[in-house]
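Let's walk through this structure from the inside, one packing feature at a time. Have the model open and follow along.

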Amino acid sequence: MGLFDIFGKKGAESETMPQNDTERWIAATYAAWAVNTGGDWHYFAGAKEKNRQEGASMRTMLRRDWGVTDRASLLDMVSYLTTLYSEGEDCEAEDVASGAWDLCRACQILGMGFVGGYIDRDEMVQRSIEVGRVMQCYYHSWAELYDSYTKGYGDWRSGQGGDTQKDIADREKLCFDLRSQPDGPCCVEWGLALE
């Protein structure tokens with residue numbers, strides 16, 4: 001598969017624009033990440049286009065931040081982030097309280113992998129739906145999902161050093177603002193049948 005096959009010349013924007021409520025629901029799970037990294041929450045992985053530049057940027061972030069260098073390592077990372085929650089039986093209340101941090105990031109890296117050319121759109125959507133259904137088992141609203149996400153972010157960020165409290169407060173505000181916008185990412189029904 002050549003680069004023109006991965007990053008088509010025409011209609012690139014439509015490739016990253018969610019086309020239905022299920023796809024909009026998926027993008028909403030990582031809208032805070034998209035905005036925080038300078039992207040646009042309206043698009044998969046915050047990328048307005050799927051082109052060489054965006055693809056290279058996503059591959060760089062996946063390699064640097066996740067150790068992901070190809071399809072297999074991408075899917076391994078998604079499995080790593082979701083296994084505890086997919087099995088469900090061993091998942092304690094403490095894990096659920098911050099688990100959206102892992103689950104939302106699983107959808108995020110699937111979106112990044114799509115823009116980066118590691119997986120195609122159909123696989124990204126199908127695997128994201130699987131993660132989304134797990135989210136719907138544990139959380140009952142966008143507010144619950146985003147609260148769990150920010151708790152998980154806070155737990156992670158506290159171990160990173162620097163201006164921790166400001167970063168946590170900024171992320172909490174961003175998540176609150178996103179879920180409160182009437183036409184924002186969370187205007188899609190939480191209990192949507194993902195298919």
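Ala32 is part of helix H4. With a relative accessibility of 4%, Ala32 falls under the 20% cut-off, so it counts as buried. Keep in mind as you look around that this is a predicted model.

What does Ala32 touch once its neighbours within four places in sequence are set aside? The contacts are Tyr149, Arg171, Leu174, Cys175 and Leu178. Tyr146 is worth a look here too: 114 residues separate it from Ala32 in sequence, yet the two C-alpha atoms are 9.0 Å apart in space.

Move on to the loop between H4 and H5, where you'll find Ala45. Its phi is positive, at about 55 degrees, even though Ala45 is not a glycine. Ala45 is buried as well, with a relative accessible area of 3%.

Phe44 sits in that loop too, and it pairs with Phe114 of helix H7 (residues 93–115), so the pair ties together parts 70 residues apart in sequence. The ring centres are 6.2 Å apart and the planes meet at 90 degrees, which makes this pair edge-to-face. Both Phe44 and Phe114 are buried.

How many aromatic pairs turn up in a search of the whole structure? The count is 12.

Elsewhere, Trp25, Trp142, Tyr146 and Trp190 come together as one aromatic cluster.

## Helix H9

H9 runs for 17 residues and spans 24 Å from first to last C-alpha, close to the 24 Å expected at 1.5 Å a residue. Its buried residues include Trp142, Tyr146, Tyr149 and Tyr153, along with Gly152, Gly154 and Arg157. Which helices do the buried residues of H9 pack against? They are helix H3 (21–29), H4, H7, helix H8 (121–138) and helix H10 (164–180).

Leu145 is another of the buried residues of H9. Beyond its neighbours within four places in sequence, Leu145 is in contact with Thr29, Ala100, Cys104, Met135, Tyr139 and Trp190.

## The nonpolar core

Leu145 also shows up in the largest nonpolar core, a set of 61 residues. Along with Trp33, Ile109, Met135 and Tyr139, it is among those with the most contacts inside that core. The elements giving two or more residues are H3, H4, H5, helix H6 (71–87), H7, H8, H9 and H10. H7 gives the most, with 12 residues.

## The annotated region

The unreviewed UniProt entry carries the annotation "domain: DUF1266" for residues 90–185. In the model, that span is 78% helix and 0% strand, and its end C-alpha atoms lie 31 Å apart.

Note on methods. Residues are numbered from 1 along each chain as its sequence is written. This is a predicted model: local features need pLDDT of at least 70, side-chain atom pairs count only at pLDDT 80 or more; totals for chains, interfaces and linings use all residues. Side-chain values use heavy atoms; hydrogens and water are left out. Rings of Phe, Tyr and Trp (its six-membered ring) pair if their centres lie within 6.5 Å; planes under 30 degrees apart count as stacked, over 60 as edge-to-face and the rest as tilted. Helices (H or I, at least four residues) and strands (E, at least two) are DSSP runs, numbered from the N terminus. Buried means under 20% relative accessible area, exposed over 50%, partly exposed in between (1.4 Å probe, protein chains only). UniProt positions are given in the numbering used here, feature names are shortened, and annotations may be inferred rather than shown by experiment. The expected span of a helix is 1.5 Å times one less than its number of residues. Contact means heavy atoms within 4.5 Å. A nonpolar core is a set of buried Ala, Val, Leu, Ile, Met, Phe, Trp, Tyr and Cys residues joined through side-chain atoms within 4.5 Å.
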